[in-house]
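Work through the following exercises with the sequence and the model open beside you.

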Amino acid sequence: TVRHQPQTSAASSMPMRLSQAGSLGHRACRVARFRIVRCSSAVSKPVATDAQSATAKQEAGNKPETGLILDLGIPTLLPEWRKMFAPSTVVTDVTAGITVGCVAVPLSLAIAVASGVPPEVGLVSAAVAGVAGGLMGGTTLAITGPAAAISLLVCEAVQTHGLGTLPFITLACGGLQLAMGVARGGGITKYVPESVIAGFTTGIGVMILAGQLPKALDLTLPAGLNTVEVVQAVGANIFKINPAAFALTIGVIGTMHVIPKIHPKIPSALVAVGGATATTKLLGLSATSIGALPSGLSAFTLSMPTLPPVESLPALGGTILLIYAMTSAETLLSCTALDRLRPTSYKHNPDQELIGQGVANITSAAFMGMPVTAVIARSSLNIKLKANSRLPALVQSAFVFGSLALYSDVISAVPLSALAGVLISSGAGMLQPAELKSCLADDKYNIGPYLVTTGGMLTMGMAEGIVLGCASSAAKHLVQQRLLAGGGDWVVQAAESRLKDPPPSPDTRKEA
């Protein structure tokens, strides 16, 4: 039955039609089970779904934070510190820390010797900086200590400015890292060309191999030789080598190569160096050892680095900036790789990592130590050992501290050729950097800056090689931009012609 309704004007009938539409909309929404916030007589507005809300929150969370980190990120680190003492993971973390400490002791000794500083400086730096970097760093499972990639930079600085200026260099490097982290400058390393970093890694590996040859053969060569000159000098004195030292080096390299294949959790460096030391004592081999070390707590002396003369500051500034740049790049690249190996609940934060490394270097300088970084070898071992928190970083520091404080007499008997074998194994691992594969995959012409960086480092020096590598990378980029700008129309026309022309048939391909 259709009821008769009085005729009304179009304007007066509009509210009635909208009301009917709204009523129908209500019924349709109830049938379809749509969520309605408000449905007036004219408009119905649906609520955003859960997926849309999650997307909005994620977009809001991805916005970069601004402002200085004046609290040094401590509020965000407090939950991390509480996790260190969780009963379910403390046993695993302590075991991982002890194993990493077994690797840290021989590596720190070897890196200190390669850096031209007393062996105890490497152990002191690993012990005190490991605590600061482990607590304040931006990566949960990273281990802080002396790095082989920075050892030659330190050696060059010591030879140029003297051993007494090293604590000041370490302090200045840490201050720059702390300031950059507070200012949220952790993302600056993405502007460093990947080809230059790959060339730097390869160049350091070759320089470590060449630099350790005299110690492996127990030869004495003049200081200040570049890599090519070192190889030439070793070849000229090849008949003056010490067979016992050479045999110890080969034994250490072979042990470090075989043991990880037997069981990856065995500290191969400690076993290799310990075996070489025991063999030297038992057989009475004539190999040069580390020598006497400070005993007890005398090695851990808290003091303020002395300020060098004002006239030497300009030359010292370039050294500080170079070590700061390389330690920061080494740290952030290592932590990024670790985050990919095993992500943790605490998201990797490059700004916090710079803060942590800055505090670690300042702490190292306070104990007359050397520059430190987040080291990839010890950190990746920490991940393999199923570590869960920051506790292994503290345990390995305690292990290094106890080794120097309680067993300095045993450490003093370690042959230098055994430590050379440790560094040769580490340097060989740098000759196949993963960065080279990725940067060549992005652009095959990255091989140019890579070779320029490596060649410059080997023939002229590290600073010169890095500068030349950055310059060649910038030149390559400019040339590619010019070619694209000049040939852009040709590229578009060629692409359009390929789209217009049909692909050849199989018969045509065979004829071609």
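A residue is called buried under 20% relative accessible area, exposed over 50%, and partly exposed in between, with a 1.4 Å probe and protein chains only. The model is predicted, so local features need pLDDT of at least 70 and side-chain atom pairs count only at pLDDT 80 or more, while totals for chains, interfaces and linings use all residues. Residues are numbered from 1 along each chain as its sequence is written, and side-chain values use heavy atoms, with hydrogens and water left out.

**Exercise 1. The chain as a whole**

Task: State how many helices and strands the chain has, and what share of its residues is buried.

Solution: Begin with the secondary structure, where helices (H or I, at least four residues) and strands (E, at least two) are DSSP runs numbered from the N terminus; the chain comes to 22 helices and four strands. Next, take burial: 44% of the 512 residues are buried. Finally, turn to contacts, meaning heavy atoms within 4.5 Å: among those between residues at least 6 apart in sequence, 83% join residues at least 24 apart.

**Exercise 2. The salt bridges**

Step one is the pair of Glu80 and Lys83, whose side chains meet at 4.0 Å, N to O. These two residues are three apart in helix H3 (residues 74-83), and so are separated by about one helical turn. An α-helix has 3.6 residues a turn, so residues three or four places apart point the same way. Glu80 is buried at 6% relative accessible area, whereas Lys83, at 39%, is partly exposed.

Step two is the salt bridge of Arg390 with Glu80, in which the closest N and O atoms are 3.1 Å apart. Because Arg390 lies in the loop between helix H14 (376-384) and helix H15 (391-406) while Glu80 belongs to helix H3, the pair ties together parts that are 310 residues apart in sequence. Both Arg390 and Glu80 are buried.

Step three is Asp443 with Lys476, a salt bridge at 3.2 Å, N to O. Asp443 sits in the loop between helix H18 (434-442) and helix H19 (447-459), and Lys476 in helix H20 (residues 462-486), so that the pair links distant parts of the chain, 33 residues apart. Asp443 and Lys476 are both buried.

**Exercise 3. The two sides of helix H11**

Task: Decide which residues of H11 are buried, and which helices they pack against.

Solution: First check the length, taking the expected span as 1.5 Å times one less than the number of residues; for the 16 residues of H11 (residues 268-283) this should be 22 Å, and the end C-alpha atoms are 22 Å apart, which agrees. Then list the buried residues, which are Ser268, Ala269, Ala272, Val273, Ala276, Thr277 and Thr280. Because they cover an arc of only 160 degrees around the axis, they are on the same side of H11, the arc being that of the directions from the helix axis to the C-beta atoms. On the other side of H11, Lys281 and Leu282 are exposed. The buried residues of H11 pack against helix H4 (90-114), helix H10 (243-262) and helix H17 (416-429).
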